[in-house]
Amino acid sequence: MALITCDNITLSYDSRPIISDLSFVVSQGDYLCILGENGAGKSTLMKGILGLLKPTSGEIKYGDELVQSEIGYLPQQSDIQRDFPASVSEVVSSGCLNKCGIFPFLKKTQKETVKKNMDFLGITELSHKCYQDLSGGQQQRVLLARALCAAGKLIVLDEPVAGLDPVATNELYALIKTLNKKYNISVIMVSHDINGAINNATHILHLEHNDMFYGTVKEYITGEFSKKFLNINGGNNK
Amino acid sequence: MNIFSLMMSYPFMMRAVVVGILVSLCASMLGVCLVLRKLSMIGDGLSHVGFGALAIASVLGFSPLEITIPIVIAAAFLLLKLTESSKIKGDSAIAIISTGALALGVMIISVSGNGNADLNSYLFGSILAMSNTDMILSVVLSVVVLILFNVFYNKIFAVTFDEEFARATGINTELFNILIAVLTAVTIVIGMRMMGAMLISSLIIFPAISSMRIFKTFKPVTICSAILSVICFMIGITLSYIYATPTGASIVLVNIAALLIFFIIGKILKK
């Protein structure tokens, strides 16, 4: 069974439908990129997947023992206050709280999860540093570590490379790919970076105002739908 | 030290110091998260509502704390709801409620003929206001506030830092918003008699802002805020005893001095 099955969902904002009759499936190990112009409903869809917004019709089903609260989530940078006094370890630890239930403090296994994820993302030596003093790429690693603490099988990333320099962008893509390939964590990424999506993802969901595409990357590149977008982006993808 | 033991020999001073220390602790810890969520004006709004409720209580002859606490908690719910709704912006909502409650309170006191002495003590606080039962109730409530804040510290941090993420990972953020509002309401009512409706919100804002000048991570900010708040309170109340100045105002002025010192230290450390 698939991790997430969206069945003819309609998502509305202020009772105005943003996305209508959308269906797609995310299976274990998939790497789905959600592309689309501003206002096409990418972030709205993501809120739907995270359970922050209820579909007005249709259903989002979670399968394969995926619990909705165990989806790791990396929000857009702009959603986080930049001048917030918090250390790296405080931020990463806050990702574990969904596993505490009513118990107010982190258990030993959760502290180990925090350490493991900080090691994996190479931010262990930053753990006492202040989050606001880090570079953009380092901040994204911290937030990714937090998402991994919360995640079991799936992480959802909202424009993770926006505002990063090319080096940091490539590093982040590489990290996400490792997570996907080596640790078999499914990825849903909202992105503006069409080339990054084609080079990394396994599936593409492209939302336009009156049109949409859902399929594998191969189908996307060879199909009609993507032509105008790939040309705009220089057409350097075969 | 001599002055201090002399000061503590007055039962009303003793009560004021005990309650003041506890209120300072509660207000400064809650203050860190209110300031960070840009909700510091909620404290101000609630204290004005508290003033209105106090006026009603005194006219009807009720014990002040028992009637004020539920009214202020209700107002806290209302303010949170208004802040969340997009129709009226949060700051305007707070301004509407606080000025409304203030006007109502002034009206009630002046019509009831109790005059300026009451008005003055409600607005700017009175060290004599605390009775023995008030003190016991205040101690119990502030201990409850402190326990709840510390037990839920991690979750309060998560909700304060990134509400969306917390909600997505299954933390009941609504519940924690209500918890913070209720704890703030209780703290304000307890502290209001001594500090005055006009000045109580300073206990929420100043220590948090001062600590953030120097410390850059959450736990140190919270701890420093708590310690600083108690120190400022003790200096303020001692000065007010020695020089016979108004207690609330003295404490606020000490807090301003602390903010200046922390601001300068912060600037120096940055270099």
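This is a predicted model: local features need pLDDT of at least 70, side-chain atom pairs count only at pLDDT 80 or more; totals for chains, interfaces and linings use all residues.
The lining of the second largest pocket is made up of ten nonpolar, nine polar and three charged residues. Rolling a probe the size of a water molecule over the atoms shows where empty space is left. In the second largest pocket that space comes to about 550 Å³. Among its 22 lining residues, those closest to the centre are Glu90(A) and Ser93(A) from one chain, and Tyr153(B), Asn154(B) and Lys219(B) from the other. Two or more lining residues come from each of α2 (88-93) and α3 (108-120) in chain A, and from each of α7 (132-151), α8 (153-161) and α12 (218-243) in chain B. The largest share belongs to α12(B), which gives four residues.

Next comes the contact between the chains. Chain A brings 35 residues to this contact and chain B brings 26. Together the two chains bury about 2500 Å², and 64% of this lies on carbon and sulfur atoms. On the chain B side, Phe161(B), Phe165(B) and Ala168(B) account for 28% of the area buried against chain A, more than any other three residues.

Which charged pairs link the chains? Two salt bridges are found across the interface. One of them joins Arg146(A) to Asp162(B), with 2.8 Å between the closest N and O atoms. Five residue pairs are in polar contact between chain B and chain A, counting pairs with both residues at pLDDT 80 or more. The elements of chain B that give two or more residues to the side touching chain A are α7, α8, α9 (163-168) and α12. Of these, α8(B) gives the most, with seven residues. By class, this side of chain B holds 13 nonpolar, six polar and seven charged residues.

Notes:
Residues are numbered from 1 along each chain as its sequence is written. Chains are lettered from A and ligands numbered from 1 in the order in which they are written. Side-chain values use heavy atoms; hydrogens and water are left out. On a 1 Å grid over the protein atoms alone, a cavity is a set of points where a 1.4 Å probe fits but cannot get out, and a pocket is an open set with protein on both sides within 12 Å along at least five of seven lines; lining residues have an atom within 4 Å of a point. Grid points are joined across faces, edges and corners, and a volume is the space filled by probe spheres set on the points. Ala, Val, Leu, Ile, Met, Phe, Trp, Tyr, Cys and Pro count as nonpolar, Asp, Glu, Lys and Arg as charged, and the others, Gly among them, as polar. Contact means heavy atoms within 4.5 Å. Buried area is the accessible area (1.4 Å probe) that two parts lose on being put together, summed over both. A salt bridge is a side-chain nitrogen of Lys or Arg within 4 Å of a carboxyl oxygen of Asp or Glu. A polar contact is a pair of N or O atoms within 3.5 Å; within protein, one must be able to donate a hydrogen and the other to accept it, and residues adjacent in sequence count only if both atoms are side-chain atoms.
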